[in-house]
Each structure stands twice: as C-alpha cells, then as structure tokens.
Number of protein chains: 2
Amino acid sequence: MVESSSNSSTALKSLIPYDENNHFPLENIPFGAFQNPHHNHVHCCTRIGDKVVDLAILEQNGLFDGPLFTQLRPKVVFEHHHLNSFMDLGKDYWHEARVTIQNLFAEGSTKISEEILSKALFDHDQVQMKTPVFIRDYTDFYSSKNHAYNVGVMFRGPDNALQPNWLHLPVGYHGRASSIVLSGQEIVRPRGQTSADQKNPNFSECKRLDFELEVGAYVGKSNQLGKPVKISEAPDYVFGFCLLNDWSARDIQAWEYVPLGPFNAKNFASTISPWVITAEALEPFKIKLPVQEPAPLNYLKDENNYSYDVELDVLLTTNTLTEPYTISKSNFKHMYWSTNQQLVHHTVTGCNLNVGDLLGSGTISSTEKSGYGSLLEISWGGKEPLSLPNGEQRTFLQDGDTLIMRGSCKGNGFTIGFGDCSGKILPALDESNFY
Amino acid sequence: MVESSSNSSTALKSLIPYDENNHFPLENIPFGAFQNPHHNHVHCCTRIGDKVVDLAILEQNGLFDGPLFTQLRPKVVFEHHHLNSFMDLGKDYWHEARVTIQNLFAEGSTKISEEILSKALFDHDQVQMKTPVFIRDYTDFYSSKNHAYNVGVMFRGPDNALQPNWLHLPVGYHGRASSIVLSGQEIVRPRGQTSADQKNPNFSECKRLDFELEVGAYVGKSNQLGKPVKISEAPDYVFGFCLLNDWSARDIQAWEYVPLGPFNAKNFASTISPWVITAEALEPFKIKLPVQEPAPLNYLKDENNYSYDVELDVLLTTNTLTEPYTISKSNFKHMYWSTNQQLVHHTVTGCNLNVGDLLGSGTISSTEKSGYGSLLEISWGGKEPLSLPNGEQRTFLQDGDTLIMRGSCKGNGFTIGFGDCSGKILPALDESNFY
C-alpha cells in the first residue's frame, strides 16, 4: 500500500523506472490532456517518469476502483478533451484519483496488466500535449511586492513606488481567456499603437516585447454569483498550478493602459505549461508567508497565509545561443498576497468563479536582480542590457528568441517539476495584413 | 414572397397579429433562447408580436428549407441551449434563417400547419427566457465621447478631460464573462473595499451603486490567433446587438482601479437583454458617424463609419415609485468609435475573437444631461441629486430600485425593439457572510 506523497518522507518507488532528478515521480501525479496517437482522440492523462499515461484507458478498464469513483460509474471522467469534468468533482475525488494512480504504478503493483500498459503508456516525447483545462475566465493579479516595487520605482520613483491600494488588496484585472496558448506555440510579435511622446501615436511593431514569470492557479470549485468565498474555505477552491508567461508589449501598454488597464499589450497571447500540478502534490512544499503590515481587512486575514517553495527558472535561447541560458531564478514563495487571498478578493463583491478559471499570480520577482521576473526589471526599463554568454545583449525579446520557464520543488529524494512553459518569438506581420 | 425587411419600405404583414407599436414585427426577427414549457428543454427561439417561437420545432419539421439549411441536414442548429452553433454558420445562414422565418409567418402563409403552430408558439409572458449566447469572452469599451468627457471633467477638469490616447484608439478592457446575467435577475448590492481618503480602506457596502447604459455587440465569426481583422472585413464579424447594463460600484472602483483598471467594481454582475437584434434587422437604421478628428491610424480608418439610430431609454422604479420613470434618453448613435473599429482594434495585436464574444460599447451619453448614461453623470458625481416624481431623490441606486433599459428603432410603419434589460437592487449581505 502506497501512501499519498504528502505523508511520505522518502521517495516512493514506481514500476515505471525514473531517476531521482526526474520531475514526474509518483509524488507528482500531474494532470493534463494529450492526443492519444493510437486513435488521435484527446484524453486526460498524467505523467510518471518519461511516460504519459492515458487516464481514459485506465478508467475504461475499471482501474479507478476507489469508493468515490466506483459510485460514479458509468459516468466518464477522463475520456474528455479537458480536465474540467474531473475538477468539478471536488477535492475528495482529486485525492482518490491521485492515490489510485500512485497505487496502480507502485513498484510491485500487479493491478495493471501488460496489455493495458501497452495501450495506456506513451513516451512523453512521442505525444502531443493539449490545453489541459477549458479556461472559462482568466484573471491576472499583481501580487509580488518586489515586482510592483520595481515597476513603481521606474515609473514614479522610490518614494511613491507602491500605489496607495497595493498593500490593502491584491490588485488584479480580468485577462483574455481566448488567447491562452500551450507551451511550445510560437508567438507572433504584436503590432499596434505606441507613442514615444505619449501624445501622438504610431502604428509600429512592438519594440519592448517582454515576458512575465507567473504561476497560474486553476480554480476547481465554483461559487454562486453573489456568494463570496471566505478565506477559510479558499483552499477547497484551488485544484492546482501551472507556469504562466504573461507576454507583455511594454510600449503598447504604456500608451493604452490609462485609465482602464492593459488590453492589446497583453491579449495577443499568454502561455501555460501543459501540466496541472495539484495543490496536494505541493502540500509538502507549503511555506508560510510573512505577516502582512498593514494588517489586511478581516475578509483577507489569514493566520495561515502560505505560498509554495517552488524554484522558478527563466531561460533564454536566441538564433545563435542554442544552449538555454538562465536569465532569472525566482521562487513562488516571493508572493505578498497568497493565491487564497487573491481568490477571496476576487469574489468579495459577489463575482462567481467557475471550475477551470485561471488566476495568474502576477510577475514573481525576488529581491535580487538575478531573480527579477521580467526583462523590464532585469534591464531596468531598457537602460541596463543583459549580457548573454555569446556576447549578445538583450533589453527586450528579439525575433528568434525562445523564452523558457521551469519550476521545481526539491523533496526528500525526489523532485516535483512543472514541465516547460516556452514560446519562440516570430517576426511581426507586415502592414499589409492590417488594412 | 416576403422580401427581407432591409429592402422593404412599408410594414410587413404577419399571420401573427400585432400592432404597429409592437417591438417584434416581422422586420425584427430577434434570436434568443427559452425554456420550452412542454418539456422544459432549452431551445433557440425568435419572437413575433407577443409570441415566442421555438425554432427547434420548426427545424425538426423541416421548415428551414432554404438551400443552405437543407444542405446542413441532419445537423441540428436550433435544438441547443445557446445560439452559438447558429452564429458560427456565418452571415449567409443568418440571412437565410431570417428570410425563412419571415416567409413562414407572412400573412397568408400556409407553410406552417396548425399542429406545428400549437407546438412552437408560446405567449411571451408564459415562458422563461434564458441567456441567448454562451459568452466566451467579454470586453467592455469606453467609446462615447460625451461619457468620457463628463467623467474626465469630474476627475481632472475640462482642460484635461480626455486622456491623451482617447481620440486615437477605442480604449477598452477585458470584463468578467461569468457574471453576465439575464434581464430580470436581481442584483445584490456589493460589499468590498472603499476608501474615503484614498489611503485607508474600509470594508463597506457599496454606497455609490450605478448603472451604465450600453449596447452589446455579439461576435458571430472567429478570427485566428495572430490574424488581425481588417476594418473592411469587420461587418462580417458582427452578428447582432443587445442592451447591456454594466453595473458599477463607483466607490469600490475609485479605490481599486489604479493602475490595472476596474475589477471588483464591475465583476459582480452585468445584465443583458434576452434578445439578439441582428445587424441585418438594424440595417435600415444605420447612421453615419461624424468624421473623426484627429484622423485615426490607417488600420482604424473607415470611410463608412457607422452606428445605428437606436433610441435608448433608462427608467427607474423604487419601492414607492412603481410606475417606471424615465431618467435618461440617449441613442446608440452617440458613439465616437464604432463597433467595427472596436472589433478591429481588439484584434490588432493578434487577439482571437470567438463566436459568442460580447463587446460592450461603453456607456452611451448624449450631449444633454437628459441623455447621460449613468447616475455618476446625471447626479454629477453625487452633487446634483435627481428628483423623482414622487419627491424622492437619487444620487446613486438604492435598495429596492429597479433599473430598466429599453431600446427601439422607428421604421416606416413599424418599430424594432430590443426587449427590456432590467435588474432590481437587493440589500448587501451582512458581514457574517465574508469571514
């Protein structure tokens, strides 16, 4: 009997071999969606070691035999394009599915036949991953104090770096759900309105194209319109996490964002990593956040306010630098407002969250320049170019650059990884495409 | 043979009787969704006079017999909860469906049997309307110059009323799709963070609850991510229009909106009217917009820039004033940026629109105080209370108030109406619901 990873202090052993640096041990059990190459249908899946496992095949063969899933039959949970049906079942089902998979693939397990293994397992580099979740609404926050401070210093100087509301509420805005794309999809450099003098506009390709290092949280429970979520209930609403690159066109943003916020500067694409790493898998990496000063209003107060110790790396390749070079090392622990606080604040006026909503953390910057979460900060508004090992310099992203984000947690004898969140920049369309 | 209404100069005659002031003559043919009381299934529908017509019943009986719909069989278009499948077919199908319905219900038509009529027709006040469209993404613009100017004068004075970007691009932001509700749904007064001194927050019920008079445009065609829509192509992307009340919590908004725009102040609810009035039905009411000065950039230039002559009325009832009282008379023609320009600007950096997206016009105010589109403007920031006929005064909405929006176009012997967009304000939840 294999216990859930949250109770284990040493590494679990699996019948699928992998080494201790592999990002997908039995302690992880991420959830995603992929195209099964046998028939090209999209199914929900997990990953163990270097194998992608078709969960619909396991389900079809009656292997989800815990009490909750048994009662669900003949309802089908994993033979879907997205994880939403599974997520909608709630956290007890998430836990049972996780433990069931851990048991099925535990070393010595004989529950799963060779025939089923041959149908359900695929080399991860032989399959095409798909968007794991139908994201109904996407909200992006701005909750790393280091990032908000850095940006504030650049625009308003150190004395007024944080806006008056920043320490009182997790500032956020509604993002564009339709243009969320999966890791690997190429990003066309946007073209739009910019203004050098903030008076007269130009129609120009974006010259300050940036990434934003974020963690996305998937909502796994809906609240009714008009019924706010209490902070004590918030953990039940969080299914899991992904990496998120909130691509940003800084020059377009500077011209458009007053007074209603970023629009064209953000809505051309946001990239997510393919796997959902569950809150349960991250449980051993919980890390208490510092006490907030000033104390937040009661509805945001959380004695047990936490984030997770997830190391976040940002790497870059260029047309000539083909070996990924690390340009930033940050961590999900550098949050001021927690995911739970963001979620509660989102609903305070009554807004209804739905299963599948994505909440972006906001750019996560450490206190050090080596851990800033955007090129805007790394190059300090373009004034301090970053030097790459081959002698190239970067202030913002150039065509041909590939930006890669990675996340991982170091456990006792195992590593939990998020999988890459990457995108390559393609040249802008020429003007004939616009009028 | 009945011609499409856009070619007719006198009123069409229908086998369903209605008078010339009825908002749903054969010239209208709006599209919606309702719960068929015979079996409680939700189907797509239209309305003629005071009758709601179940389009799925007509379809099941082979009455959509034009060349395009005939080729579609056995695909089902109207036996769905939402109009999206129909909308996705494109404008040639929209036109054929409209003309088919007009012909079926033309005076003297014998195409539709008594038996089918008895199954497909319902008194409008006996059925429950449903959300007509699955709204994938909702975007709200800010495109009435009178409104932007009024708000700007209040916050910055007349010399700097319009922000520098306002005359160069249709300012917009991403809204919350999940909390769009149908006319008639009650609105709970939101509670959230406000700050009298813009420094220290309070947790308070909203004391400046407002409406915003808007027209919503439904997108009926998708563009690929990375492929902007040209202004010449934009009309093909617009399926139709509704009334939209973008409820706004002004005190919450004032505290939260810097620097990323409105969030909690808007996401608690937005109300839509139940019918989609097609662009084709509104064709006779097209009205050319004034030449824009300064001229917009090429991608936004439209020699034939238009809106529609739709009279927009805002009415109020209170706990003691039960007869709706008109508090504003505006018109959809008071737009600076057109729906087509909004749509094109939305896609300029490559954002993909999907069938079912909703684009809010922004609050539509006329130049006169009698035609302002929000209480913020009507009461000039709360300083000039509005007097109601029973002696009550209003700066902002009070509990028990019902706000009703109506829209109509006066044709030659007929009227095209939008149906009511209404919502009643319920008291805020008490604090025990929040922590």
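Q: Why does A:Lys91 count as partly exposed?
A: In this predicted model, A:Lys91 has a relative accessibility of 45%. Buried means under 20% and exposed means over 50%, with partly exposed in between, so A:Lys91 at 45% is partly exposed.

Q: What makes the pair of A:Lys91 and A:Asp236 a salt bridge?
A: The closest N and O atoms of A:Lys91 and A:Asp236 are 3.0 Å apart. The cut-off is 4 Å between a side-chain nitrogen of Lys or Arg and a carboxyl oxygen of Asp or Glu, so the pair qualifies. As for its setting, A:Asp236 has 26% relative accessibility, which makes it partly exposed.

Q: Why can the pair of A:Lys91 and A:Asp236 be said to tie together parts that are apart in sequence?
A: A:Lys91 lies in helix H4 (residues 91-104) of chain A, whereas A:Asp236 lies in the loop between strand S13 (213-219) and strand S14 (238-245). The parts so joined are 145 residues apart in sequence.

Q: How do you know that B:Asp50 and B:Arg47 form a salt bridge?
A: Their closest N and O atoms are 3.5 Å apart, and the rule asks for a distance within 4 Å. The pair therefore counts as a salt bridge.

Q: What makes B:Glu212 and B:Lys266 a salt bridge, and which parts of chain B does the pair tie together?
A: The closest N and O atoms of B:Glu212 and B:Lys266 are 3.0 Å apart, within the 4 Å cut-off. B:Glu212 is in the loop between strand S12 (209-210) and strand S13 (213-219) of chain B. B:Lys266 is in the loop between helix H7 (250-256) and strand S16 (270-272), so the pair links parts 54 residues apart in sequence. Both B:Glu212 and B:Lys266 are buried.

Q: What makes A:Asp210, A:Glu212, A:Asp246, A:Arg250 and A:Lys266 one network?
A: The salt bridges among these residues share partners, and that joins the five names A:Asp210, A:Glu212, A:Asp246, A:Arg250 and A:Lys266 into one network. Over all chains, the count by this rule is 39 salt bridges.

Q: Why is helix H9 of chain A called mostly covered?
A: Helix H9 (residues 339-347) has nine of its nine residues buried. Among them are A:Thr339, A:Leu343, A:Val344, A:His345 and A:His346. The cover includes strand S6 (138-141), strand S7 (172-174), S13, S14, strand S19 (306-308) and strand S22 (358-360) of chain A.

Q: Why is chain A described as being as compact as a globular protein of its length?
A: Chain A, with 10 helices and 27 strands, has a radius of gyration of 22 Å, close to the 22 Å that the globule rule gives for 435 residues, so the description holds. Its C-alpha trace spans about 70 × 50 × 45 Å along the principal axes. Buried residues make up 63% of the chain.

Q: How many of the contacts in chain A, between residues at least 6 apart, join residues at least 24 apart?
A: The share is 72%; a contact here means heavy atoms within 4.5 Å.

Q: Buried or partly exposed: which holds for A:Ile29 and which for A:Asn40?
A: The relative accessible area of A:Ile29 is 0%, so A:Ile29 is buried. That of A:Asn40 is 48%, which means that A:Asn40 is partly exposed, since exposed would need over 50%.

Terms used: Residues are numbered from 1 along each chain as its sequence is written. Chains are lettered from A and ligands numbered from 1 in the order in which they are written. This is a predicted model: local features need pLDDT of at least 70, side-chain atom pairs count only at pLDDT 80 or more; totals for chains, interfaces and linings use all residues. Side-chain values use heavy atoms; hydrogens and water are left out. Helices (H or I, at least four residues) and strands (E, at least two) are DSSP runs, numbered from the N terminus. The radius of gyration is taken over C-alpha atoms; the globule rule is 2.2 Å times the number of residues to the power 0.38. Buried means under 20% relative accessible area, exposed over 50%, partly exposed in between (1.4 Å probe, protein chains only).
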